[in-house]
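Dear colleague,

Please find below the structure I am handing over to you. My notes on what was found in it follow directly after.

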Amino acid sequence: MATADGFYGGSTPVKTPTNSKHKSSSTARKMHQNGSTDNGVVSSSSSAAVRSRFEAYNRLQAAAVAFGEKLPIPEIVAVGGQSDGKSSLLEALLGFRFNVREVEMGTRRPLVLQMVHEPTSLEPRCRFQEEDSEEYGNPIISASAIADLIKSRTEAHLRKIQAAVSKKPIVMRVEYAHCPNLTIIDTPGFVLKAKKGEPENTPEEILAMVKSLAAPPHRILLFLQQSSVEWCSSLWLDAIREIDPTFRRTIIVVSKFDNRLKEFTDKWEVDRYLSASGYLGENTHPFFVALPKDRGTITNEEFRRQISTVDGEILRQLRDGIKGGFDEEKYGPFIGFTHLKEFLEAELQSRYKEAAPVTLALLEQRCSEVNSELTRIESKLMGISDIACLRRSAMLHVASICDHVGSLIEGAADPAPEQFGKTTEEEKTESGIGSWPGLTVVIKPPNASLKLYGGAAFERVMHEFRCAAYSIECPQISREKVANILLAHAGRSGSGGVSEAAADIARAAARAWIAPLLDTACDRLAFVLSNLFDIAIECTRRNDSSENGKRDGDMDGHVGFHASVRRSYNMFIRDLSKQCKQLVRHHLDSVTSPYCRLYYPPMPGQLGLSPGPASPFILDMSEGSQDVDQENIDPNGQQHNTPVKEKEVKGGGQRESQLTVPETPSPDQASDQACGIKKESVNFVEVGGRKRQARVVARNPRGGLWLDAEVGPRKGSAYSEICQLAVQHFGRIREVLIERNVPSTLNSGLLTPCRDRLVVALGVDLFAVNDEKFMNMFMMPGVVDFLKKEHENLLKRRNILHSCLNEFRSIARAL
């Protein structure tokens, strides 16, 4: 390893920092500074070990950048505000200028500078790592060409991602006889305001990106700040404290120190400033550097000579220009660029040495993982050509999905319902099915706010459907409808017109108002079952991940096959929904048929409305479930969602009408209208504990009959009686459907097939085909090319990682 004299010519001998913060790397710094053994002879083996360790980490860093590997490689990250001197410091470390400030490389994209001390390279050789590759391009010597390439790569990448800044770095390797073995990541400089033409949030994006780059604990922070900025008013020091609160891995550099030095006259002033007491802590000592200000065209040799000259002038000013000088023993190791350069190199080499065993273990792990991934891709490529193996793997995958669907229907709490379940409102929004048709009230079933899936969500929708059905009233019946139906029945049979007309009206209302509810229920339940596919896929993925590595012939990456499975599953659910709609419509048609007779004893106090069997038990666990005003109550409980109006239940049980035969029948005729008609009395007939009154037949003087109401105390028209009877019959039809026919049909038509017939249905649809059609699911355009490209990338990654692993094994044996 060359000394400072070898880099920049003769310089004043200096001491390295010895404070407690840097004791861990003092031995490495001494070896770097002396480059000799105890007997004074230069140790070529020690220098070679340092060089090989540095090269090994450089290669590993290049692989990490190219393949996105997450390896804790010790690195130095340079941070600071714009115009704080980061660019000048980087050029000084390199030993030559390449106009880095002209391209503003640190404002939009990081730059990884890999400096390699190569004694045979008298002129700097710069090579850039190719984008998304560990390979390096041809050497570039011209400084302007280097700056142009940095600028063009930055602009091209930002256009590609359509952003103002990017944390993807540019990697530049520099081999030079006058630079140290050092790697620094230059980050975009902090700014307070975006420059013209850039987005307004650019300062925030830069700050967030720098924090993400500096956050990993294996990275050393090199923070630069101008000497003209007071510690108490430093804008960016607080940002560094957020990343490294105790400055344990932060090296603070005060740049442009010569400007501040002119303000000091006495020893106590300069010592107080150099100590930075009260702001950085007792064990944190900043470095104070100044660099040449001349930006004219000079040779690289003259540039290095100027750096050495500035260091000497700073020391002379402190010794001779300050009254009493300064505490050189305490602060001397932190004055000048040369001391900073030596410390950075020694510190990085020490970190390399300490991290070598951990890096070796991580490399072995990553090599094993990459080998497994490579084997999986090779197996997949082979499986595409082996149809029998591919069929077997695909069948196992589909069977696993079907098993998980069945388990979710039966009841499951994994995966987490909080993540994969849906509330009632979410189900309505995502399915596109809003309120129940024909209802103006909001139906909120128990547990509506809980995230459910599978069988639980199915039962919640079923209960919501029951609440919606019992919230429907028999619609208002116009007098014209009653007249049309009543006259038709009177003309055909001449008797029973009132009850038959009411039944016809109720059947028509049921078909018009309940049918849309049945269709909506089927669609909502089908949506619940459709959601199970993605959850079953997640269960299958977790099950595969829990096994030792990936199973042979897994289906990852076969986009066409996954699309076919999803399509087949959705078609299966749609077909079930369609069949269920037909079945429940069949039940509705049967119940509303003129030949169907519904016999239920009326409830006391209600007009022919039977409660039917008890409804299933619903456990409401949602918050606020005690508030009956906000939840729909079980329709067969103490209360009804939509109580039957008083006028609809008034009048007791069902009664037969009295029949007269008028010349012009009218629904508005009063039931006690005699009009001088001669009534023929008929004896009462006892039926079920009540009396059936006799009909009254009246003769029109002009001939013919007309309809009259029943004889008795009840007052009202035939129209009101028909309305009451229609409400009764509508309630019976609804009750038979909701309590008996529909629930069992929906369960047997949707849940049972998903449990018992899903695997057979998917198997027939996907696998009961010839080989050519089967392979169409796997031979989609680009699939084979994608797998081959992935295999090629993994092969490259494995080779470079194995090469790094062998190098680090050699390093570990030499430690």
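I begin with Asp771, which counts as partly exposed because its relative accessibility is 40%. The model is a predicted one, and that should be kept in mind throughout.

Asp771 forms a salt bridge with Arg391, with 3.1 Å between the closest N and O atoms. Asp771 belongs to helix α23 (residues 771-775) and Arg391 to helix α13 (residues 387-410), so this pair ties together parts that are 380 residues apart in sequence. Arg391, at 14% relative accessibility, counts as buried.

A search of the whole structure finds 36 salt bridges. Among them is the pair Glu75 and Arg219, whose side chains meet at 2.6 Å, N to O. Glu75 sits in strand β1 and Arg219 in strand β6, 144 residues apart, and the pair thus links distant parts of the chain. Glu75 counts as buried, with a relative accessibility of 6%, and Arg219 counts as buried at 15%.

Another salt bridge joins the side chains of Asp523 and Lys581 (2.8 Å, N to O). Asp523 lies in helix α18 (residues 497-546) and Lys581 in helix α19 (residues 559-591), so parts 58 residues apart in sequence are tied together. Asp523 is partly exposed, its relative accessible area being 29%; Lys581 likewise counts as partly exposed, at 23% relative accessibility.

Strands β1 (residues 75-80) and β5 (residues 182-186) pair in the parallel sense over three bridges, and the bridge partner of Ala78 in β5 is Asp186.

Arg366, in helix α12 (residues 337-385), counts as buried at 14% relative accessibility. Beyond its neighbours within four places in sequence, Arg366 is in contact with Glu69, Leu71, Arg797 and Leu801. On the surface, Val759, Val760 and Val764 form a nonpolar patch with about 250 Å² of accessible area together. Val759 lies in helix α22 (residues 758-767) and is partly exposed, with a relative accessible area of 39%.

With kind regards

Technical notes: Residues numbered from 1 in each chain as written. Predicted model: local features only at pLDDT ≥ 70, side-chain atom pairs only at ≥ 80, totals over all residues. Heavy atoms only, no water. Helix = DSSP H or I, 4+ residues; strand = E, 2+ residues; numbered from the N terminus. Buried < 20%, exposed > 50% of the residue type's maximum accessible area, 1.4 Å probe, protein only. Contact = heavy atoms within 4.5 Å. Pairing = 2+ DSSP bridges. Patch = residues over 30% accessible without salt bridge, like charges linked within 9 Å, V, L, I, M, F, W, Y side chains within 5 Å. Areas by Shrake-Rupley, 256 points an atom, 1.4 Å probe, with all protein chains shown as cover. Salt bridge = Lys/Arg side-chain N within 4 Å of Asp/Glu carboxyl O.
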